[in-house]
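Colleague: I would like to learn how to read a protein model. Can we go through one together?

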Amino acid sequence: MGSLQIEADPRQSLEKWSHEVSSLVFTVPSVVAEIAVGLWNIHSPKWTVQCPNLVIIHTILQGSHLSYEDPSVHSQVVVCQNQVSYQTLWLHAFPLRLISSLLIRAYIRKETSHLEGRILGHDEFASTGDLGQKVNDSLDLISHRGPDARGQWLSSDCRVGLGHVRLSIIDLSPAGNQPFHDSEDNIHAVINGELYDYDRIKAELSGEYDFKSKSDCEIVIALYKHYGESFLSHLRGEFALVLWDARRQLFIAARDRYGIKSLYYTVIDGRLVVATEMKCFLSFGWTPEWNVANIREKGWLYGHQMYFKGVNRVGPGQYLVSRDFNTPRVKSYWDLDYTDKHDAYPRSEEETVARVRELLLESVQHRLRADVGVGVFLSGGLDSSAIAGMTAHVIRQGQSLGNDASGKLSNLSCFTVQFEKSSGLDESDVARRTAEWLGVDFHPVLLDEEAIASRLEDTVWHTETPIPDVNGMGRLALAEAAHAAGKRVVLTGEGSDEHFAGYADFIWRYILEPDHSWASSDTMAELPEARKVAHELIAKGFLGALPPPSDAEASRTLNDSSVFPRFNAITQPRFRQWVYKNSHNRPELLFANSFSEKVLADVATKWHPLHSSEYQWTKSILANYILRYLGDNIDMVYQIESRPPFLDHHLTEYVNRIPPSLKIKYCSATKTFREKHILREAMKPFVTEEVYNRTKQPYVGPTKYKKNGPVYRILETLVTEANVRALGFLEWHGVQEDFVKAFRDHDTLSFKNTLSVAQMVVLGKRFGVKTAEDPRRQAVAYEETENAILRSRL
């Protein structure tokens with residue numbers, strides 16, 4: 001068993017410090033712990049441990065003894081406090097799989113205040129003006145998100161600051177400007193997003209709370225005062241919020257149930273900083289560093305930690321909470337759940353169709369409420385076509401379209417990406433026929449190669465998401481077109497595939513086990529045949545190849561339902577050798593172990609593999625890929641608030657009880673699988689026959705481009721030897737090989753690898769990220785320097 005122990009070095013005689021030293025800070029390179037960034041804080045005495053690539057599972061204070069166990073490396077780390085009297089201590093580290101011990105320096109500093117638990121601590125700001133300027137500078141970096149108003153609030157002791165830029169959607173008057181405050185000036189809040197059913201909540205709480213505006217977001221403080229910390233479960237919509245209760249010294253930062261809105265946090269010089277975009281941290285003196293191990297392991301696509309060291313996201317359905325300026329904790333207020341796969345489903349197919357239709361119409365109606373113009377993003381697929389169709393339906397029933405109460409369907413504007421016909425990926429003709437059938441306004445937005453190339457860098461900067469696909473540039477073009485047409489709200493189709501099993505991968509999960517919840521004699525008898533047909537379709541090139549699992553233990557842990565192989569196959573960067581040596585080389589097992597004990601138990605015994613796969617997809621690819629690269633962050637560049645009606649928890653909690661056999665339907669007569677069966681039936685009145693019968697086509701952009709064209713030229717400019725070496729963690733010759741194959745051979749993986757490198761280069765340059773270095777080499781250099789200093793003093 002490996003161990004980590006602090007002990008005074010008997011070889012040296014340094015000036016002794018007083019026993020009043022109250023803070024010990026030591027830094028451990030990633031080679032020691034091998035997993036992600038962690039920070040823990042302990043008081044009396046306060047020891048702060050900053051470990052790159054270490055996930056802190058738990059900390060226990062037993063007098064002066066701290067114990068930590070890391071199950072992923074099967075080693076125990078024990079920190080024992082000796083007499084803290086030396087300015088320099090030494091750490092001897094013996095982690096598992098490490099042949100030789102590693103000598104690391106430890107620092108001691110005098111400190112009495114709780115820096116690591118502080119929220120914008122007053123010691124770091126000489127005045128409210130200093131804090132106010134930093135908040136204001138951070139708002140400058142996201143000013144595009146809120147051009148209508150800007151506000152900030154600072155506590156009198158300068159320990160807490162809130163800032164907000166406003167895009168006016170509900171209540172366009174100054175009364176809706178933020179931050180919001182209660183009448184006692186005790187509770188303060190900033191909210192980014194849209195909260196539905198607010199009229200009902202205001203009516204219920206009007207007797208105990210004095211509402212000062214017609215804004216939907218003002219209900220946050222009222223709900224908090226009524227329900228306390230549990231107020232989050234009463235919110236419906238897409239949001240990221242921060243609330244400060246000065247009397248209780250309680251800080252809360254929360255995110256909606258699906259992660260539609262982003263929310264990040266980090267600690268900078270002892271200050272907790274929370275923001276909707278990571279770039280806001282730059283104004284507080286943040287110096288970004290690559291979290292290379294997390295990039296290699298793709299942990300940022302599913303976990304809390306980002307590809308920058310020390311930066312975390314608040315997860316979907318979670319909130320960050322801190323009391324009395326102590327270290328914040330992450331808690332959950334909502335999570336997905338599914339029924340027991342052995343329980344018979346109590347409703348008929350007809351009842352289910354009717355209820356899904358009812359819930360979706362209700363969700364659409366809520367999301368049409370606005371004091372500004374509303375439109376729809378439309379593709380050729382079922383999901384967005386259904387949103388457009390339901391919107392047209394409720395308008396005919398007398399529902400207002402945002403601030404338009406005319407009832408004219410021609411005022412409903414639908415915006416569609418139009419790829420070049422030669423790409424074979426353009427769906428605009430299907431979307432046009434849908435728009436004509438509905439009688440709505442149709443706006444095709446051409447996304448040719450020049451349009452893609454010109455938007456590449458801005459797409460990466462604003463989404464802060466290096467996803468190797470050009471569809472993000474298409475979404476940016478749609479937002480620009482909607483803005484030009486005078487819209488501020490757009491309804492979108494994200495979330496349908498995760499609810500109703502729309503992806504081809506889900507078919508494989510469906511046929512893994514019998515569906516006992518819908519155990520008709522037909523479905524049970526058809527399972528062996530369905531499996532055979534699925535394999536035949538794969539052999540013929542249909543359904544798409546499912547990447548095999550890379551780790552048998554991880555596959556067992558997730559009951560063969562893991563989605564990690566899918567997003568791991570999206571790109572395969574050419575890392576330098578030291579990256580592999582300093583990474584956890586079982587990334588799929590890390591993914592499996594990232595879920596809670598309850599989720600893993602449900603995956604093992606309760607949920608059907610299809611539902612297990614839906615859960616993982618929703619928590620990873622949807623939240624951290626689709627909703628970031630094709631959602632709020634990109635839409636808000638042009639002041640467009642996107643609202644996905646499929647991501648409504650009232651709908652989710654019903655749909656998650658629907659049997660797999662009603663989501664995916666196997667037809668023995670035609671030997672075909674029909675994905676999203678129950679949704680198709682529910683949406684049949686609102687879509688064309690063409691769309692109703694159309695097989696799912698994922699929204700992806702082209703990957704084949706000619707040499708010396710616009711995409712080639714922008715990638716050639718970004719993917720240079722100097723830029724790649726400035727990243728520090730990629731192998732230049734491998735990157736160069738991918739670039740050549742991407743345009744010479746039109747190899748899809750090589751193009752995605754090249755695009756991914758270009759995106760990292762953009763992030764590195766715009767964020768000013770330090771070049772990554774091999775931590776082992778750093779440690780050796782550090783030890784040599786220390787030895788030289790010791791020799792000079794002895």
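Modeller: Start with the ground rules. This is a predicted model, where local features need pLDDT of at least 70, side-chain atom pairs count only at pLDDT 80 or more, and totals for chains, interfaces and linings use all residues. Residues are numbered from 1 along each chain as its sequence is written, and side-chain values use heavy atoms, with hydrogens and water left out.

Colleague: How many helices and strands does the chain have?

Modeller: Helices (H or I, at least four residues) and strands (E, at least two) are DSSP runs, numbered from the N terminus. Here there are 29 helices and 27 strands.

Colleague: What percentage of the residues is buried?

Modeller: Buried means under 20% relative accessible area, exposed over 50%, and partly exposed in between (1.4 Å probe, protein chains only). Of the 794 residues in this chain, 61% are buried.

Colleague: Which residues is C414 in contact with, beyond its neighbours in sequence?

Modeller: Contact means heavy atoms within 4.5 Å. C414 sits in strand β22 (residues 413-419). Its relative accessible area is 0%, so C414 is buried. Leaving aside neighbours within four places in sequence, C414 touches V376, L378, A388, V440, D441, F442 and H443. Take H443: it is 29 residues from C414 along the chain, yet their C-alpha atoms are separated by 5.9 Å.

Colleague: Is D635 buried or exposed?

Modeller: D635 belongs to helix α20. D635 has 0% relative accessibility and therefore counts as buried. Again leaving aside neighbours within four places, the contacts of D635 are F377, R475, A479, I640 and S642.

Colleague: Now a whole helix. What span does α9 reach?

Modeller: The expected span is 1.5 Å times one less than the number of residues. Helix α9 (residues 449-463) has 15 residues and reaches 20 Å from first C-alpha to last, close to the expected 21 Å.

Colleague: Where does α9 bend?

Modeller: A bend at a residue is the angle between axes fitted to the seven residues ending there and the seven starting there. In α9, the bend is about 45 degrees, at R455.

Colleague: Why is α9 largely enclosed by the rest of the structure?

Modeller: Because 11 of its 15 residues are buried. Among them are I452, L456 and W461. The elements that the buried residues of α9 pack against include α10 (471-484), α20 (632-635) and α28 (748-767).

Colleague: How are two packed helices described?

Modeller: By the angle between their axes and the distance between the axes. Axes are lines fitted to C-alpha atoms, for helices over the stretch in contact, and angles run from 0 to 180 degrees between N-to-C directions. Angles under 35 degrees count as roughly parallel, over 145 as roughly antiparallel, 65 to 115 as roughly perpendicular, and the rest as oblique.

Colleague: At what angle do α9 and α28 cross?

Modeller: They cross at roughly 65 degrees, and their axes come within 9 Å. That makes α9 roughly perpendicular to α28. L456, E457, D458, V460 and W461 in α9 meet L755, Q759, V762, L763, R766 and F767 in α28.

Colleague: And which residues of α3 and α4 meet?

Modeller: Y198, I201, K202 and L205 in α3 meet I219, A222, L223 and H226 in α4. Helix α3 (residues 198-205) and helix α4 (residues 219-227) pack at about 45 degrees, with axes 10 Å apart. The two helices are therefore oblique to each other.
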